[in-house]
Amino acid sequence: MVGAVGLGCMGMSEFYGHADDAESIRTIHRALDLGVTLLDTADMYGLGKNEELVGRAIAGRRDRVVLATKFGIVRDPNDPAKRGVNGRPEYVRRQCEASLARLRVDCIDLYYQHRVDPQTPIEETVGAMQELVEAGKVRFLGLSEAAPATIRKAAATATITALQSEYSLYTRDVEENGVLATVRELGIGFVPYSPIGRGVLSGTIRGESDFAGDDFRRTVPRFQGSNLEQNLRIVARLKEIAAELGVTPAQLALAWVLAQGDDLVPIPGTKRVTYVEENCAAAEIRLTVEQLARLNEVAPVGAAIGERYPGTAIRVG
C-alpha cells in the first residue's frame, strides 16, 4: 500500500536549477514523517546521482518506503543532452544491478521501463523484467509513457502494476489517447508525474525569466514565449479559484488530480521541506462536483498550448 501522494525526487539532482543534497534529504525524511511512502527516482536523473541520494536518505528507513526507480533512457556522460532508449534484456539486467547498488538495497519495489524502446519488442523487455521479479530483485513492474497497444502487450506478458505518465490540469493527454481507459480496464494503477504542471500551476512563475539558467523548462515549448504567456492566463484563473477556496494554487492542482480516482497516486516533485508539506496537505482537500466542473471549464483537455517536451525528446511509445 502507498499513501495518497508520493514524492518525485528527480529535481533534487538535476533539471530544475540548483539543488542542495542536505535539504533534499530533509525533504525526503519530512515526507516519510507525513505519511508519504512512494519515492520515485530513475537511473538517468543526475546520471545516477539521484538514486545515490535517495539511497542515503532512506538508510535506516527502508521499511517505510515503497521504492520506485526506472531504466531505459540512455544518456551520454560526456554530453548528457544526448539521449536514446534501450530495452534489450541484457541492458535491463545490467541497469537493475547498478540501481540496486546505488540505492543500497537488495530489492526494488517498483521497477519501471522509463521509455519504450521501439527497436526491442516490449515482450522481450518485460520478460527480462519478470526474470528480475523471479530472482527477488524486483517486487512489481511498471511502464512509463507507454501507449495503449504497448500496455496491452506488456500486460499479456507479465503482471504490470503501474503506469506512469504526465497528468495535470495542464496535461490531460491520457484522457484523449486511451491510456487512462486502458490501465483502468486492465486493473493497472496510474501514477501521474508533474501533477502541478512542472511547478507552473503553483502560480510562482510569471515569465521565462523566473526559470534558472540551467532549468530544463527553458527548453520546453510549453514554457516559452507566447505559449507561456497564453498558458499563464490559465494559471491566473486557477489562482483566483484557489484564493476563493483558501488553498494554494499548487494544492488546488493536486487536489484536482486526486479527485480523478482512487487508482491514482500522483508524485509531485520537490526538493524543499516547505513544498512537501504543502503537497501532503492537498490530500485533505475535497473538491465538490461544482468546483471540479469549474476547474474543467478553466482548464479543459487541450487548453495548454505547446509541446510538453523539446522536439528531440523521447515520446510516448
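These legends describe close-up views of a predicted model.

**View 1**
Helix H4 covers residues 122–134, 13 residues in total. From its first C-alpha to its last it reaches 18 Å, close to the 18 Å expected at 1.5 Å a residue. Its buried residues are Ile122, Thr125, Val126, Ala128, Met129 and Leu132. Seen down the axis of H4, these buried residues fall within an arc of 155°, so they line one face of the helix. An α-helix has 3.6 residues a turn, so residues three or four places apart point the same way. After H4 comes Gly136, which has a positive phi, near 80°.

**View 1. The largest nonpolar core and Leu7.**
The largest nonpolar core has 97 residues. Within this core, the residues with the most contacts are Leu7, Ile28, Leu39, Leu143 and Leu163. Helix H8 (residues 225–245) gives the most to the core, with seven residues. Leaving aside neighbours within four places in sequence, Leu7 is in contact with Met12, Thr27, Ile28, Ala31, Val36, Leu38, Leu39 and Asp40, among others. The contacts of Leu7 also include Ile267, Pro268, Thr270 and Val276. A second, separate core has five residues, including Leu254, Leu258, Ala282 and Ala283.

**View 2. The largest pocket.**
The volume of the largest pocket is about 1,100 Å³. Its lining is made up of 47 residues. Closest to the pocket centre are Tyr16, Arg198, Gly199, Arg217 and Gly269. Helix H10 (residues 273–281) gives the most to this lining, with three residues.

**View 3. Helix H10 and its buried residues.**
Val273, Val276, Glu278, Asn279 and Cys280 are buried in H10. The elements against which the buried residues of H10 pack are strand S1 (7–8), helix H1 (21–33) and H9.

Val265 is found in the loop between helix H9 (249–258) and H10. Its relative accessible area is 14%, so Val265 is buried, the cut-off being under 20%. Not counting residues up to four places away in sequence, Val265 touches Val2, Gly3, Ala4, Val5 and Gly6, among others. Val265 also touches Leu38, Phe190, Val191 and Pro192. Between the C-alpha atoms of Val265 and Arg56, 209 residues apart along the chain, the separation is 24 Å.

Ser194 lies in the loop between strand S9 (189–193) and H8. Phi of Ser194 is positive, near 50°, in a residue other than glycine. With 13% relative accessibility, Ser194 counts as buried. Ser194 touches Glu166, Tyr167 and Ser168, not counting residues up to four places away in sequence. Arg104 lies in the loop between H3 and S6. Although Arg104 is not a glycine, its phi is positive, about 60°. Arg104 is exposed, with a relative accessible area of 59%.

Terms used. Residues are numbered from 1 along each chain as its sequence is written. This is a predicted model: local features need pLDDT of at least 70, side-chain atom pairs count only at pLDDT 80 or more; totals for chains, interfaces and linings use all residues. Side-chain values use heavy atoms; hydrogens and water are left out. Helices (H or I, at least four residues) and strands (E, at least two) are DSSP runs, numbered from the N terminus. The expected span of a helix is 1.5 Å times one less than its number of residues. Buried means under 20% relative accessible area, exposed over 50%, partly exposed in between (1.4 Å probe, protein chains only). The arc is that of the directions from the helix axis to the C-beta atoms. A nonpolar core is a set of buried Ala, Val, Leu, Ile, Met, Phe, Trp, Tyr and Cys residues joined through side-chain atoms within 4.5 Å. Contact means heavy atoms within 4.5 Å. On a 1 Å grid over the protein atoms alone, a cavity is a set of points where a 1.4 Å probe fits but cannot get out, and a pocket is an open set with protein on both sides within 12 Å along at least five of seven lines; lining residues have an atom within 4 Å of a point. Grid points are joined across faces, edges and corners, and a volume is the space filled by probe spheres set on the points.
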